[in-house]
Amino acid sequence: MVDEVRQLLVGADVVVDMTLGAGGHAAALLEAGVGEIVGIDRDPEALAIATGRLSRFGDRVRVVQARFSEVDEDDVGGVAGGVLFDLGVSSMQLDEAERGFSYREDAPLDMRMAGDSAGEPSAADLVNGLSERELADVIYHFGDERRSRPIAAAIVRKRPITTTDQLAGVVAGAVGRRPGGPHPARRTFQALRIAVNRELEELTASLPHAAGLLGPGGRVVVISYHSLEDGIVKRAFRDDTSLRILTKKPLIASQWERADNPRARSAKLRVARRRDGGV
Ligand SMILES: C[S@@+](CC[C@H](N)C(=O)[O-])C[C@H]1O[C@@H](n2cnc3c(N)ncnc32)[C@H](O)[C@@H]1O
């Protein structure tokens, strides 16, 4: 939804891109005339790639390795005209087999966006350490997976599970494979990724700060890919009296983008504007 983001943030002097990734949105904003991007990502590999790709913009780009829930005014160095979140995992992370996000390629079961630098538990730690009940709850809530109980039972029977292939095979064995259907482990992998990276906690903690980084008239734009995320964004905007909501209903990707990019089919964009005077 690059076009929508560009239109919404084009007038800003400074935009904080909370999910810099490969820098696609950041590059589009800089090309459109945004003065400066403060690019945040918890993933050091993403930051290295984005830094290279954005080097042509010189000192109009500043990158910070951090979780977005930790970002404060000092990182921004003033007020921002826009704050952008493009949530979830990047295609770069999915494509790097060794990071363990994908059920398509065999790798250690990791899924930590920040790698092992922060010493946080990996997907293997959760799969092998949670109780059957806890696993079923994670898979049900974060994966919208109604067969969570047989999947959790099969995982517990086959532990320890240390690779993506092993986990994908255990899930497929528990629930079967529909010819032509999506991979049966897709929802389980999504659920574990959300749990490992504490994605919903991060978003809940971060949105109230984000509004505080904006100057009057500044906009916060959030693209989410999961109904739980969208619900958090909707409530955070509604509860923040310093914000005026500009999207009563979330925007969705155009028909063309949806046809071209499967991930865009679940994307929802919400935007709110900081009231003049801040309240
Ligand atoms: C969908 S990608 C962003 C893609 C980016 N908009 C682009 O155009 O290339 C999401 C990025 O956000 C990062 N991320 C996710 N949760 C984060 C968090 N809580 N704190 C910081 N970065 C996070 C991921 O590491 C990933 O690189």
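This briefing covers aromatic pairs, a strand-helix-strand unit and ligand contacts. The model is predicted.

- Phe68 sits in the loop between strand E3 (61-65) and helix H4 (73-76), whereas Phe85 is part of strand E4 (residues 80-86), so the contact ties together parts 17 residues apart in sequence.
- Phe68 has a relative accessible area of 12% and counts as buried because the limit for that class is under 20%.
- Phe85 is likewise buried, with a relative accessible area of 0%.

**Aromatic pair Tyr103–Phe189**

- The rings of Tyr103 and Phe189 also form an edge-to-face pair, at 5.6 Å centre to centre and with 80 degrees between the planes.
- This pair links distant parts of the chain, 86 residues apart.
- Tyr103 lies in the loop between helix H5 (91-95) and helix H6 (123-129), and Phe189 lies in helix H10 (residues 186-196).
- Tyr103 and Phe189 are both buried.

**Charge over a ring**

- Tyr225 has Arg263 over its face, at 3.7 Å from the ring centre.

**Strands E2 and E3**

- Strand E2 (residues 36-41) and E3 run parallel and are joined by 5 bridges.
- Ile37 has Val61 in E3 as its bridge partner.
- Together with helix H3 (residues 44-53), E2 and E3 make up a β-α-β unit that is right-handed.
- The loop that holds Phe68 lies between E3 and helix H4.

**Ligand surroundings**

- Gly23 places a backbone N or O atom 3.3 Å from an oxygen atom of the ligand.
- Gly24 has a polar backbone atom 3.1 Å from an oxygen atom of the ligand.
- His25 uses its side chain instead: one of its N or O atoms there is 2.8 Å from a nitrogen atom of the ligand.

How values were computed:
Residues numbered from 1 in each chain as written. Predicted model: local features only at pLDDT ≥ 70, side-chain atom pairs only at ≥ 80, totals over all residues. Heavy atoms only, no water. Helix = DSSP H or I, 4+ residues; strand = E, 2+ residues; numbered from the N terminus. Buried < 20%, exposed > 50% of the residue type's maximum accessible area, 1.4 Å probe, protein only. Phe/Tyr/Trp six-rings, centres within 6.5 Å; stacked < 30°, edge-to-face > 60°. Lys NZ or Arg CZ within 6 Å of the ring centre and 35° of its normal. Pairing = 2+ DSSP bridges. Right-handed = clockwise from strand over helix to strand, strands pointing away. Polar contact = N/O pair within 3.5 Å; in protein donor to acceptor, adjacent residues only side chain to side chain.
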